[in-house]
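Before reading on, look over the sequence and the fold shown here.

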Amino acid sequence: MTVAVVGIGRTEYLKRSGRTTKAMAASACRDALADAGLTIADVDGMCTFQANDSSSPMDVAWALGRDELAWANSMYGGGNLVADQIATAAAVIEAGLCKAVLVYRSLNGRSGYRFGTIEGPMQVTGENQYDVASGYLVPPQWFAMSARRHQYRYGSTCEDLGQIAITQRAHAVPNEHAFYREPLTMDDYLSSRWINEPFHLYDCTSEVDGAVAILLVGEDMVRDCKTEPVWLVGSSNSQSGAGWSSWDDPTEMYSRTAGPKIWANTGLNPSDMDFACMYDCFTYTVMATMEGFGFCEKGQVGPFFAEGRATYGGDIVINPHGGLLSEGYIHGLNHHYESTLQLRGNAGVRQVADAKVALVTAGGGPYGGANIYSKERP
Amino acid sequence: MTDARLLPPIPVPDPESAGYWESLSTGVFALSRCTECHRWMQVPQEHCRWCGATTSFEEVSGRGTVFSFIVVRHQSIPSLTPPYVVGMIEFDEQPGLRLTGIIEADPDAVAIGQKVQAIIRPIGESGFSAPSFELVP
Ligand SMILES: [Zn+2]
């Protein structure tokens, strides 16, 4: 059975929500249901991903007035799981386990638990314990380490990363929902403080409090919805346990596998995409995955952005909402909100002209995946 | 008394990592190695991830190459004061056998491809020790 996104919902993206993750998730889900013209009684599955920083599908469903769910899945992890969540929700519908699934992500990413900050005393278990002495325990260090290797191997530069930050910020300027909307220049970028060389401040995502919900249903329910469906065409996923030290080539990410896989699965290719929401926890993630998904040759992403090929009037619009870098870090699920808006033709002043097909990616380093959505039924 | 929030992060040894930490605390830098196919693996595994045989910890030379590095300028670990260099070191024993550690050098002096040697340093007052690295000519 073909599956479509029929509802999207979100909260504001704030510095300090003053709300629980449960309340924000419930708001975003209500918003998505209202968008679709459905009620919680129509939903029998819910899933989310979290890092012990959010509320469970059962609790959110309860808050929404639903007593039980046929499928309530909460995966532990980060942005690497977004594509998998969407694909799995679709598979659950296709398998007949559920009729309608809400996928949500809710976090107090700025005021609560915050990535990139550690307060001691800290006891480190599992695969990260070997990095305690160097304090190599946070994503802005892992991704910067990989970016340095890319610079060494392919001659990419900080200015190349800056082009990504600047382009995406320009996209966020007219986006009223974006957390950062001030235009950014190369001077601003280069003079911003170092976080971990080779990363400046503007290479890092904007952590916010907020929630997004995406409602998926099978084709049999699409006609009951008041929105134009946005169809899921295909997905790919590549999750490796290599970690940050054993991943053989940090100039590549999961996209070296998930990229070719999604094109093979769908029979589409990069030039078929009208826009792409590329997961951008850091600028470098966009660089490495633009290469991996086949939009650019190795080392050519900086020039691609600098020449205006990644924006309106170019080859493909990358992150028309500003991405996680500028709109805010709802852990990649806001990419799915934006893709749906764009494919419905409802993105207002930032509408990508004649947008019909889009790639949405999620993840970084050894793990991640992608989904392709289409305005037309596959 | 030291503010607990200023203490360095410490490992929580488990049955697969205990040998690593125990060796270091006696001044020996050892990594997990297959007893049959003799390949090294980091992180340690109870059984070889290639052939499934048992593993043991064996001393390594501590010699390696800077595979990549960052200069940390934003404090994220209470016990480490920026700027400092974190290197990803690839050991001479086997391609791809890597570990991160502080490179005890001026940030401007560090480059990918440089040779390094491990030196075992205590992790604060925790009783644990871990390798840091110094540049060698
Ligand atoms: Zn073996």
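A residue is called buried when its relative accessible area is under 20%, with a 1.4 Å probe and protein chains only taken into account. By that cut-off, buried residues make up 48% of the 137 residues in chain B. The model is predicted, and the predictor's confidence should be kept in view throughout. For chain B the mean pLDDT is 95, with 96% of the residues at 70 or more. The model as a whole has an ipTM of 0.96 and a pTM of 0.96.

What does the secondary structure of chain B come to? There are 9 strands and 1 helix. Following the sequence, the order of elements in chain B is β-α-β-β-β-β-β-β-β-β. Chain B is as compact as a globular protein of its length, because its radius of gyration of 16 Å is close to the 14 Å that the globule rule gives for 137 residues. The C-alpha trace of chain B spans about 45 × 40 × 20 Å along its principal axes.

Contacts show how the chain is tied together along its sequence. Among the contacts in chain B with a separation of 6 or more, 47% are between residues 24 or more positions apart.

Chain B carries 9 positive and 16 negative charges.

Technical notes:
Residues numbered from 1 in each chain as written. Chains lettered and ligands numbered in written order. Predicted model: local features only at pLDDT ≥ 70, side-chain atom pairs only at ≥ 80, totals over all residues. Heavy atoms only, no water. Helix = DSSP H or I, 4+ residues; strand = E, 2+ residues; numbered from the N terminus. Rg over C-alpha atoms; globule rule 2.2 N^0.38 Å. Buried < 20%, exposed > 50% of the residue type's maximum accessible area, 1.4 Å probe, protein only. Contact = heavy atoms within 4.5 Å. Lys, Arg positive; Asp, Glu negative; His and termini not counted. Charge placed at Lys NZ, Arg CZ, Asp CG, Glu CD. pLDDT = per-residue confidence, 0-100.
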